Structures are given as C-alpha cells and as structure tokens.
Amino acid sequence: MQAPILLSGTSNEPLALAVGKTLNISLGKIEIGRFTDTECRVRVMEEVSGRNVFVLQSLSMIADQNLVELCLIGQALRQLKAEKITAIIPWMGYSKQDKEFRPGEAVSAQLIATFLEAAGFNSVITVELHSEMITPYFHIPIKELSTHSLFAKELKKRNKTNIVVVSPDMGGKSRSEKFAHEVNLPIVYLEKKRDRTTGEVVVTSVSQDVSGKNIVIFDDIINTGATVIKTSEFLKAHGAGNIYFMATHAVLAGDAAKKLADSTIDEIVVTDSIHLPKEKMFSKLSVISVAQTIADDIITP
Ligand code: R5P
C-alpha cells in the first residue's frame, strides 16, 4: 500500500513536520502565496492522483485567512483527482459560536462545516472540539481526537498529592468529568459567568471547600486568558494550593500571554495544536505535542 501524502498549510508547519517525522514521510510539495491584493494563491506540486492525502491546517489566527487557504488546497487536490482528501484541523477555529447565543447571530461552526465540504474534503480529523454541538454540523465523517491521556500523563509527572479536578464552568462539566475519571480524582465545580458583550468573566461559586487542595483544571481553550486568571484568583482566595491549568488549544489572543505570565496561576500546560511563536512563550507555560496522537490516527483510522 502507498504511504499517505501529507501537506501543510502555513498555520502550523512545525506540527505537520512533527507528524511527518513520526510517520517517516516528508511533507508534500505545495506553493502557498498571496497576490499583491493579499488574496491567497495555492498550487499543489505533488502527484496526488488516486492517493490518500492529508492536509494539516489549524484555524488559528488569522482564522479567516487560514480557512480560505485550507479550502483552496482542498479544491486543488480535488482537481488533481486525489482519491481521498482529509483535513487535519488540530484547532477548529470559529467553533466558539456553536449556536445562536443571541437572536440574529451567525452560527460560524455550522458554516465552517459547509465550507470544508464544498471545498472537496472527504473527511476531517480534529482535536478536542469546543462542544458536542459541532460534530452534527458535518455531513462528512469527522473524528475528534482526545488529549485526555496526554494531559493525564503530564499530571502524573507533577507527582502531587491532595489534588482535585476543578471544572471551570458548567459548559466544561462533561469534559472535566471525563478527565477526572481518566485521572481517578475527585471533582469540584465552579460556576462562571461571562458577559457576552464585554467578555468579562466572573467566578460566582464553588461546590466544595478547596482550602489546602492542589488543583488541576482541564479546559479546551485559553483564549483571552480570563478564565485562567479569574478561576485561579478565586481558588487561591479560597485557600487552594498549587493550580495547574491544562488546556488543549492555546489561542492566547491579544496580550493574553503577558496577562497570564503576571497572573496567580502556578503552571499552564497546552498542546501544539496552535503554533506558538517565541514571543507568546513564558516561564509558567509548557507545550506538549499532539503529533503522535494525529500520526497514530493516520496509520490506524
Ligand atoms: C468556555 O466555554 C471555554 O471552555 C473556555 O473556558 C473559554 O473559551 C476560555 O476563554 P478565555 O481564555 O477568553 O476565558
């Protein structure tokens, strides 16, 4: 059987290279550039006819551009008669708006599914989706890879006792419960409110006493950093010990990295689903890789 072809968009080439290295294949040849008016231009220079092709692209900042780039690659592969085209989207951008929270709002998560199908992709592999509402928007197969066991291993390395899992909000309840089950630890629930217009976050209550406890929080995204900062301040004010915040996707929008570096959180662990430039790294932040998880799924779907 021929090896799969792996192409990379421009959003996360380091991860694509790491996946290729694990599979012992080089990245396929592709030219991605821009016309002088900034429109994206894509040319696939690999012999893909009849082949099984994977395209890795995170829909990270700037999501609009990375999405169009991915769709253009899909269309080029379809024209070149690739047999099967799979989009590997480690971070599914535009997924936060997964329903109409307020009347008149567009449901971006649904439209992304439509775009990918229209571009010619036959299937999608993604990592830790923002919510369970997103998968049904796809009419092509979509597989969500979990990062639970990666983070569970990280937690074990910390070798901490007297530790509880804290669910940061009701939206993340089921994710946190699955993680607590994986790491075999008790769970405590926070109630968090976010102002839909300003984005301001307030933690309103905790289900149990956390004084003297070490805490691990498992979330999907760190976006503005408000959830990390406010939960950590709240838990410390209630007597918590060390707080480890583990999140799959480090969006780190705006000055989030600086705010997190200056915050009361003890440690943050994220994955490389989104490529983090050097200027967004800080001493409390460590990055683990999802390359092996993705590569395993390519070999054994
Ligand atoms: C909430 O629904 C999510 O699971 C995350 O907690 C949230 O998106 C993180 O965003 P931010 O970093 O802006 O608080």
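**Which residues lie nearest the centre of the second largest pocket, and how many residues line it?** Asn 52, Phe 54, Asp 297, Ile 298 and Pro 301 sit nearest the centre, among 22 lining residues. In this predicted model, local features need pLDDT of at least 70 and side-chain atom pairs 80 or more, while totals for chains, interfaces and linings use all residues. Numbering starts from 1 along each chain, and side-chain values use heavy atoms, without hydrogens or water. A pocket is an open set of 1 Å grid points, over protein atoms alone, where a 1.4 Å probe fits, with protein on both sides within 12 Å along at least five of seven lines; lining residues have an atom within 4 Å of a point.

At least two lining residues come from each of β4 (52–56), β5 (84–89), β6 (123–127), β7 and α8 (291–299). Helices (H or I, at least four residues) and strands (E, at least two) are DSSP runs numbered from the N terminus. The lining comprises 13 nonpolar, five polar and four charged residues. Gly counts as polar here, and Asp, Glu, Lys and Arg as charged; Ala, Val, Leu, Ile, Met, Phe, Trp, Tyr, Cys and Pro are nonpolar, and the others polar.

**Close-up of the largest pocket, between two domains.** Domain 1 (5–145) and domain 2 (148–289), bounded by an automatic or database assignment, both contribute lining residues, so this pocket lies between them. Closest to its centre, of 43 lining residues, are Lys 96, His 130, Asp 169, Gly 171 and Asp 220. Elements giving two or more residues are β7 (142–145), α5 (173–183), β9 (187–194), β11 (214–222) and α6 (226–237). The lining has 20 charged, 15 polar and eight nonpolar residues.
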